[in-house]
Amino acid sequence: MDHKKSNTKVDRRQFLTGVIAASAATAANTIAPVSAADAPAPRAPSALPPSAKGAAAETGTPRDLARESARVKGIPGSDFMVDVIKSLGIKYLPSNCASSFRAIHESLINYGGNTMPEYLTCMHEESAVAMAHGYFKISGKPLLTLCHGTVGLQHAAMAVYNAWCDRVPVIVVGGNDLDAAYRPPGVPTFHSAQDINAIVRDYTKWDDTPVSLQHFSQSFVRAYKIAMTPPYGPVAISLDAGLQQEPMRDHGAKPYIPRYVPTAPPQGDTGAVKEAARLLAQAQNPVIAVDRAARTAAGVGLLVQLAELLQAKVIDMGGRMNFPKTHYLSSPPTAVNGADVIIGMELSDFWAVVNSFTDNGEHGGIGANGTRIKPDTKLISISSIDLNTKANYQDFQRFQVVDVPMAADAEATLPALIEAVKAAIPNDRKSAIAARGEAAKKTYAENKARTRQAAALAWDASPISTARLVMETYGQIKDLDWSLVASEGNVSNWPNRLWPMEKYHHWLGRSGGYGVGYGAPASVGAALANRDLGRFSVSIQSDGDLMYAPGVLWTAAKHKIPLLAVMHNNRGYHQEVMHIQRLSNFRNRVPNLGGDMGPVGTSIERPDIEYHKLAESMGWWAKGPIKDPAQLGPALKEAIAVVKSGQPALLNVWTQPR
Amino acid sequence: MKMFKLRFFVSTAFAAVALLSIEVMAVDAANGKAGYVKHGCWQCHGFVGQGGIAGPKLAPEPMPLAAMNVFLRNTKGAMPPYMEAVLSNDDLADIHAYLLSIPKAADYKSIPLLNLP
């Protein structure tokens, strides 16, 4: 982490500057009370007097020294910034320390008392942002993170992108020595830029570079407000080091802190809601497809109301826990096949809900597309994504023509839609709707039995099957108020298929941008929020994901964040294992395995990483490698006892690939 | 589309005829297990053919060898093709023998963890 430290030259310069400034200040303090009349007569010059410019250079206080001196004397600007931050009730501040925000760092822990927010020591900016990401999905409250200007924000960038794609607010503040004439030379210059926000501008909702304290207070409250208005998203503020360090200046009025008033989320147009209700009420087989429709637990309840009103099957794409998996209307993605009306809510990819793509090497290698729905199926969309797009990143996916599109927040629109559907259902449709529900109950029971029989396959296999991994874990936590804080779907989605997910905090969705490295830090962030709510946090931790920034394990131990991490250690970047095999097959070649199980460049074996030792070295209780399924249950019992005592625990489990 | 269908039919027919002899070949399930790993079948279908999100189950009760051969050489779906130059008929027969040797899974109703509410 040398890139965060000033080099020796800079330290020496700053040290000397400090010494000179202190001496100057002492001298000034001593001399100041003496009046001109009491001063002794000047000595006769022994040489020609210096020019005015020369005298000023030799006897005047250089500007940077004046800054230093004034900073010592006045109220630091960064203290006011802490007042602004405190006004918003931000509880934690995960961050990797850096010189470009040393002033606000000092104010936070000394002036601010290191509370609201509490500084959490992170070992990578990506971890800090992902922790904030996971924290929000449990608490509904955004966190602030501080990043070093260029290199720190570059580290943070992937996690910011995940938050953007996952519609999660994170307040990212980057320290920056903007004034090129006065910034320290050397490393601080490498770590500064004219516009550091440009690094993340394509995937943040808004950014600003405040140039005064009043500007800062307005920018910060505005950033918070924008981030927290659906569609949520990360925001960035470039914070000048000089502005942090300088004392507060009175420009005729003391800076004020604007009051935060939440903005009401956008609702669907009344006419469009009515038309959607008419189509749904008249449909023979309506289907509801949701991805991030439920922003809160209340959203889950609203979706249940709508689904039951229509007895419509619900496909939960898994961006959040939108709909209880135990509900008989919970259905697999194939439910779109016979639909005549489909309403999509906050779908990140409507196209893929109603179309298929097969990566089969056909059509010059680009694969084959096909429709999954009848040609006359009516499509309705309620999505706030339409309100928040950028040109460079295409996370809105392929273009899908929709009959009734609404640029609106789904959860905010649901109450009006439910009322409109109630009014639109004709009496003569009610028995048909009820019959639809009875048929759905039968299908649900059949699907459930099929899924459980599929889970029984390879039950006693070693490496341990992913279904066994997931159910052994569930067996040990089922009586707790549990929260699955991360699982990237690499375990064949068994938790979503087998666990009775009903509450909003049972499932948090995935990373958003599929930037690998999200799982471990987001789990720690979510576990932090769950800790404060008295819940038990569990993650299915992938091996490749953990190795991007394993330092977050230390952060969890350091800050006593209880989390059970059950590893899905399949010893490879398995998605890529399959990709290279696929391409080799398309080209009629045998992949070069290089002595590993997967193609060269995709395996994580020889040497096998001892994740349990890695975790132990950072203060976790850990055990492994567990290869025998019979040993998993007892190990889980031990680990859970540790987590219940307030510490994190990790089990390194060797698993089947998927 | 017609051309494609005709081509598929012809290649399928040839493959089926060729495989009449494979059915009676000596097969080695142990070799098949090694081949199953070497040729990457485990990647999508798991080490004991249980399947998962990336590929359907292959065992127990795999499809007949002849059908598997035809499918592997001609697939246009999510499964990438395995041509004979990559996976010989002999190796495929061994792999099929390995899949046949995998015992049937227990009824989920006999596994307490799969009966939790």
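Which strands of chain A does helix α9 (residues 213-227) lie across? Helix α9(A) lies across β3, β4, β5 and β6 of chain A, and runs at about 165° to β6(A). Welcome to this predicted model, in which local features need pLDDT of at least 70, side-chain atom pairs count only at pLDDT 80 or more, and totals for chains, interfaces and linings use all residues. Residues are numbered from 1 along each chain as its sequence is written, chains are lettered from A and ligands numbered from 1 in the order in which they are written, and side-chain values use heavy atoms, with hydrogens and water left out.

**How chains A and B meet**

- The meeting of the two chains involves 35 residues of chain B in contact with 39 residues of chain A (contact means heavy atoms within 4.5 Å).
- Between them, chain B and chain A bury about 3,300 Å², with 65% of it on carbon and sulfur atoms; buried area is the accessible area (1.4 Å probe) that two parts lose on being put together, summed over both.
- On the side of chain B, Q43(B), L113(B) and L114(B) lose the most area to chain A, together 19% of what that side buries.
- There are 14 residue pairs in polar contact between chain B and chain A, both residues at pLDDT 80 or more. A polar contact is a pair of N or O atoms within 3.5 Å; within protein, one must be able to donate a hydrogen and the other to accept it, and residues adjacent in sequence count only if both atoms are side-chain atoms.
- Helix α3 (residues 41-45) of chain B gives the most to the side of chain B that touches chain A, with three residues.
- That side of chain B divides into 23 nonpolar, eight polar and four charged residues. Here Ala, Val, Leu, Ile, Met, Phe, Trp, Tyr, Cys and Pro count as nonpolar, Asp, Glu, Lys and Arg as charged, and the others, Gly among them, as polar.

**The four-strand sheet of chain A**

- Four strands of chain A form an open sheet in the order β3-β4-β6-β5, with parallel pairing. Helices (H or I, at least four residues) and strands (E, at least two) are DSSP runs, numbered from the N terminus, and two strands pair if DSSP finds at least two bridges between them.
- β3 (144-147) and β5 (206-208) of chain A are the edge strands, each pairing on one side only.
- Strands β4 (residues 171-176) and β6 (residues 235-240) of chain A pair in the parallel sense over six bridges, and I171(A) stands opposite V235(A) in β6(A).

**The five-strand sheet of chain A**

- An open sheet of five strands in chain A has the order β15-β16-β17-β19-β18, also with parallel pairing.
- β15 (482-486) and β18 (621-626) of chain A each have a single partner strand, so one side of each is left without a neighbour in the sheet.
- Helix α24 (residues 629-644) of chain A lies across β16, β17, β18 and β19 of chain A, at about 165° to β18(A). For such angles, axes are lines fitted to C-alpha atoms, for helices over the stretch in contact, and angles run from 0 to 180 degrees between N-to-C directions.

**Salt bridges**

- The count over all chains is 24 salt bridges, each a side-chain nitrogen of Lys or Arg within 4 Å of a carboxyl oxygen of Asp or Glu.
- Between chain B and chain A the count is one salt bridge; E362(A) forms a salt bridge with K76(B), with the closest N and O atoms 3.8 Å apart.
- D166(A) forms a salt bridge with R292(A), the closest N and O atoms being 2.7 Å apart.
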